[in-house]
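Work through the exercises below with the model open. Try each task before reading its solution.

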Amino acid sequence: MHKKIKNLFYEKLTFEKLMQAHYRARKHKIYKIEVINYEIHLENNITNLLNNLKNNTYHLGNYFVFKVFDPKEREIKALPYRDRIVHQWYVEEFIKPYIVPTFIHSSFACLNNKGTHKAVEEVQKQMRIFKRNFGDFWVLKCDIKKFFYSINPHTLYNIMQKYIEDPQLLHLTKILIFDNSKSINQIGIPIGNYTSQFFANIYLNELDQYVKRQLKIKYYIRYMDDFIILLKSKNDCIEIKKKIEQFIGQNLQLELNNKSRYYPYKMGVNFCGYRIFTTHKLLRTSSKKKIKKNVKIWNNQYSNNNLNINFALQSLHSWLRSF
């Protein structure tokens, strides 16, 4: 059983730690107007933020809402810069050191030294081990229907109480989860928040623990709301899928996407942009198209002298590691 976070809120709430959070929050955004304006009176702004958090007078600002259409239409909500500093402080000082270590080894999203490539490697590794130990097998591939929009904040807060006993930290947690909502029936968490990816991981860690501890399944890999289970037979897949549907419905108020299915391993596993086999892996056609599209965008930005070279190089190196 993990230890609960106790009496750490004020210990972690210092000017220096908030300043560190500011430097993390502004990364790759130092030329944005809101960051520049915040830094004009940086010490005063950090001091005021420190006092707001200390005196329980902190509240979230108003969201800027916009839509993105790649790979599909999604609504993104962005908080003012001041709130993004608080998110950085909250995640780095509490979630990463105290909650993330309780995650299972085969959870790969939004975690240091993991990510999509490591997830793909782990899927192939587990496929090879399963094939060597048991021969032919089946793959159960699932994802959650409208995951971020379906997370129940009340359930999420109850889960967070398993980890946190510090009253001040719980108070801030409630502010971050319920997101200025005045409706007790609010469902979903904003995709754009730094905290959201970690809250989402904590939410599905409940599923991870159920799969590993109660269903006793060894070959299981999850990347955010996509997960893979390797099983001996089609009947095993049908049975496990049903149990998972019941668990997430009753305990997390979630549903599996209707694309969730099971099939023989020889068909390959579509996961994190790849089609994975025991002997090799291939980039999916959609991934190749995305790479070509981004290269065209970067060429256009370079021609107009507004290319973010650091961002382009990071993406390029990520792709090169794929081959």
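**Exercise 1. Find which residues make the nonpolar surface patch of about 300 Å², and classify Ile40 as buried or exposed.**

Solution. Ile33, Ile36 and Ile40 make the patch. Patch members have over 30% relative accessible area and no salt bridge; like charges are joined within 9 Å, nonpolar side chains (Val, Leu, Ile, Met, Phe, Trp, Tyr) within 5 Å. A salt bridge puts a side-chain nitrogen of Lys or Arg within 4 Å of a carboxyl oxygen of Asp or Glu. Areas come from the Shrake-Rupley method with a 1.4 Å probe, and for residues only the protein chains shown count as cover.

Helices (H or I, at least four residues) and strands (E, at least two) are DSSP runs, numbered from the N terminus. Ile40 has a relative accessible area of 55%, so it is exposed. The classes are buried under 20%, exposed over 50%, and partly exposed in between (1.4 Å probe, protein chains only).

The model is predicted: local features need pLDDT of at least 70 and side-chain atom pairs pLDDT 80 or more, while totals for chains, interfaces and linings use all residues. Residues are numbered from 1 along each chain as its sequence is written, and side-chain values use heavy atoms, leaving out hydrogens and water.

**Exercise 2. Give the strand order of the open three-stranded sheet, and say which strands stand at its edges.**

Solution. The order is 7-8-9, with antiparallel pairing. Strand 7 (269-271) and strand 9 (281-283) are the edges; each has a single partner strand, so one side of each lacks a neighbour in the sheet. From one strand to the next, the twist averages 25 degrees.

Check one pair. Three bridges link strand 7 to strand 8 (residues 274-276); pairing takes at least two DSSP bridges. Phe271 sits opposite Tyr274 of strand 8. Helix 6 (residues 116-134) lies across strands 7, 8 and 9, at about 15 degrees to strand 8. Axes are lines fitted to C-alpha atoms, for helices over the stretch in contact; angles run from 0 to 180 degrees between N-to-C directions.

**Exercise 3. Decide whether Asp208 is buried or exposed, and list its contacts beyond four places in sequence.**

Solution. Asp208 belongs to helix 10 (residues 194-214). Its relative accessible area is 0%, so it is buried. Its contacts (heavy atoms within 4.5 Å) are Ile104, Ser107, Tyr220 and Arg222.

**Exercise 4. Explain why helix 8 (residues 153-160) is largely enclosed, and name what covers it.**

Solution. Six of its eight residues are buried, so the rest of the structure largely encloses helix 8. The buried residues are Pro153, Thr155, Leu156, Tyr157, Ile159 and Met160. Their cover includes helix 5 (81-99), helix 9 (167-178), helix 10 and helix 11.
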